[in-house]
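Take a moment to turn the model around on your screen.

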Amino acid sequence: FGFFGGGGNRTPSAKAGSHSFTWNMRFPAWTDFEGRIFWAAGPIGPLAVPGRYQVRMTAGEVVQTRDFEIRMDSRLEGVTIAQLQQRFDLAMQIRDRVTDANEAIIEIREVKAEVDDRLAQTDVRAVEQQGAVVNTNLGAVEEEVYQVRNESSQDPLNFPIKLNNKIASLLGVVESAEGPPTDQSRQVFEDLSGRLQVQLNRLQVIIETDLRRLNELLESNGLSPIVVREDRPIP
């Protein structure tokens, strides 16, 4: 899977002819963003639990579905599917929480870019001041969620990893053994997830207050308001 678990599934070829594809038995990874640098964590999803699955192939209007089975490793002793299901369930929670963190980074950067765009179109002092407030407050949240000083794969040696990296690296810990997750892993996840939620709540407040105020100033000065991701209007 590459350095520190990176890589993941290759995309099957859609070209005409015969092809083979080997599934790595992993579910899709968390949402990623451009330039992301993590330490001891890569873009891979949780490992599937032994059981029955389906593969579906679509070629034009032709759709074929086949059943297949992932079997328990015969070398394992004293491990149950129920225990592996517990591991999978926590791994999915970890994946989804990293997605929450990374989507927050994406949203923050999109809004900051829009703020910079509006500021370049005006010299109204009130707009400039409120734009600076928005960018500063968004930047504070961004720096708590992600280590923004990372520019190369070695930078995490110099700059401490932040919440999204810590949560992502927990996946490797949880999947390091063929068995249920430890109580310690669950406790670490709950702690990191709670700390992330504090930052997500801060982000929502900034959107609902600081960005709303900036949008009022933009509109009163003939400039387009800033719309957050997925075209959601500011509440």
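On one side of α5, E219 and S220 are exposed, where exposed means over 50% relative accessible area and buried under 20%, with a 1.4 Å probe and protein chains only. The buried residues of this helix, which spans residues 210-220, are D210, L211, L214, N215, L217 and L218. Those residues cover an arc of only 165 degrees around the axis, so they sit on the same side of α5; the arc is that of the directions from the helix axis to the C-beta atoms. In general, an α-helix has 3.6 residues a turn, so residues three or four places apart point the same way. The buried residues of α5 pack against α1 (81-119), α2 (125-145) and α4 (183-208), a contact being heavy atoms within 4.5 Å. After α5 comes G222, with a positive phi near 75 degrees.

A word on the source: this is a predicted model, in which local features need pLDDT of at least 70 and side-chain atom pairs count only at pLDDT 80 or more, while totals for chains, interfaces and linings use all residues. Residues are numbered from 1 along each chain as its sequence is written, and side-chain values use heavy atoms, leaving out hydrogens and water.

Now step back to the whole protein. Along the sequence the pattern is β-β-α-α-α-α-α, with helices (H or I, at least four residues) and strands (E, at least two) taken as DSSP runs numbered from the N terminus. Of the 235 residues, 37% count as buried. The C-alpha atoms fill a box of roughly 70 × 50 × 35 Å along the principal axes.
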